[in-house]
Amino acid sequence: MIRATNRLAGSLYCEVRAGSVVNHLFHPESQTHTGFAYLHGGGNSHLTCRTMQIRQSSTGNGVSTISSKFHDVESNDGFLKRFIKKMGWIDNSSARLRVSSCLLYESVVDNINYAEFFKHFTMPDTFNTWFLITELHVWMLLVRSMAEGAEKGAAGRFLRNCIVETMWNDVTTRAKQLTMDNPSVVRPQIQQLSEQFQAALISYDEGISYDDKALAAALWRRFLGGQCDDYEKLELLVGYVRKQVSMLDQLSRYDFAIKPAIKWIPLIGENRPTKAIPLNV
């Protein structure tokens with residue numbers, strides 16, 4: 001019992017001495033006993049090694065040996081984080097975002113009621129019409145993705161690119177299945193759709209950035225092909241897009257980018273049931 005007490009007292013003494021050394025380096029004018037209060041009491045009781053380094057750099061003062069004393073800890077922590085990220089265990093890793101991009105795209109093609117669009121807007125049931133409907137919903141996903149970071153290298157931009165890549169893989173597969181007798185037409189058809197897709201993104205982005213008139217003009221030109229004389233249907237489509245964008249905007253980062261759980265609002269009648277996802281992996 002006495003030995004255990006001695007060991008405990010010795011460890012506490014080492015902690016006090018370590019705290020005194022650190023405090024003395026940062027505050028050479030302070031006395032030795034303030035080191036214990038610096039580590040275990042007051043408002044700075046949770047000050048970490050990283051915080052010390054940041055404060056030292058921001059003020060331009062301090063002793064360079066402090067940084068070297070904690071360099072090994074920072075290096076080990078950085079290596080561990082890099083290893084975990086490489087293995088895809090961190091939520092914002094590229095592997096996690098790639099999986100999420102597939103689930104987000106699947107939430108469109110598996111849960112949107114395409115037949116409802118065909119019927120209400122008198123659209124032919126063709127591959128091109130299917131692409132127009134998919135394109136509109138994918139664009140809304142891209143808008144939400146960029147909210148997670150639009151700068152180069154950010155998670156949002158990476159997620160956006162993965163969604164687009166997933167879409168084109170699916171579009172190419174479907175086009176090949178429809179043109180098995182003449183596969184040579186697939187490449188020019190995909191190229192044409194790609195150019196139209198880029199133009200649609202610009203048009204939709206401009207429309208959503210302004211008022212309903214601008215959005216209606218973008219939808220009338222691209223989605224309806226400039227051939228809709230029923231303005232009530234156009235008004236319905238504008239309201240539909242606004243509601244979907246608002247719904248996606250209210251999703252947390254976890255529910256959108258990490259574990260996507262999207263319940264698309266139906267085109268007509270919000271009380272009409274739709275298939276809710278959570279999309280678990």
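Student: Which pattern does the protein follow when it is read along the sequence?

Tutor: This is a predicted model, in which local features need pLDDT of at least 70 and side-chain atom pairs count only at pLDDT 80 or more, while totals for chains, interfaces and linings use all residues. Residues are numbered from 1 along each chain as its sequence is written, and side-chain values use heavy atoms, with hydrogens and water left out. Taking helices (H or I, at least four residues) and strands (E, at least two) as DSSP runs numbered from the N terminus, the secondary structure comes to 13 helices and 0 strands. Along the sequence the pattern is therefore α-α-α-α-α-α-α-α-α-α-α-α-α.

Student: What percentage of the 281 residues in the protein is buried?

Tutor: A residue is buried under 20% relative accessible area, exposed over 50% and partly exposed in between, with a 1.4 Å probe and protein chains only. By this criterion, the buried part of the 281 residues comes to 36%.

Student: How far apart are the end C-alpha atoms of helix α9?

Tutor: Helix α9 covers residues 155-178, which is 24 residues, and the expected span of a helix is 1.5 Å times one less than its number of residues. That rule gives 34 Å for α9, and the model agrees with it, because the distance between the end C-alpha atoms is 35 Å.

Student: Which helices do the buried residues of α9 pack against?

Tutor: The buried residues of α9 include L159, C162, I163, T166 and W168. From α6, S101 touches L159, C162, I163 and T166, leaving aside residues up to four places away in sequence, where contact means heavy atoms within 4.5 Å. Taken together, the buried residues of α9 pack against α6 (94-109), α8 (127-146), α10 (186-209) and α13 (253-258).

Student: Are S101 and R96 buried or exposed?

Tutor: Both residues lie in helix α6, and the C-alpha atom of R96 is separated by 9.6 Å from that of L159, 63 residues apart along the chain. S101 has a relative accessible area of 1% and R96 has 12%, so both count as buried.

Student: What is the crossing angle between the axes of α8 and α12?

Tutor: The contact joins residues including L136, W139 and M140 of α8 to residues including L237, V241 and V245 of α12. With axes as lines fitted to C-alpha atoms, for helices over the stretch in contact, and angles running from 0 to 180 degrees between N-to-C directions, the two axes come within 10 Å and cross at roughly 35°.

Student: Why does T122 count as exposed?

Tutor: T122 lies in the loop between α7 and α8, and its phi is near 50°, a positive value in a residue other than glycine. Most residues other than glycine have a negative phi. T122 counts as exposed because its relative accessibility is 63%.
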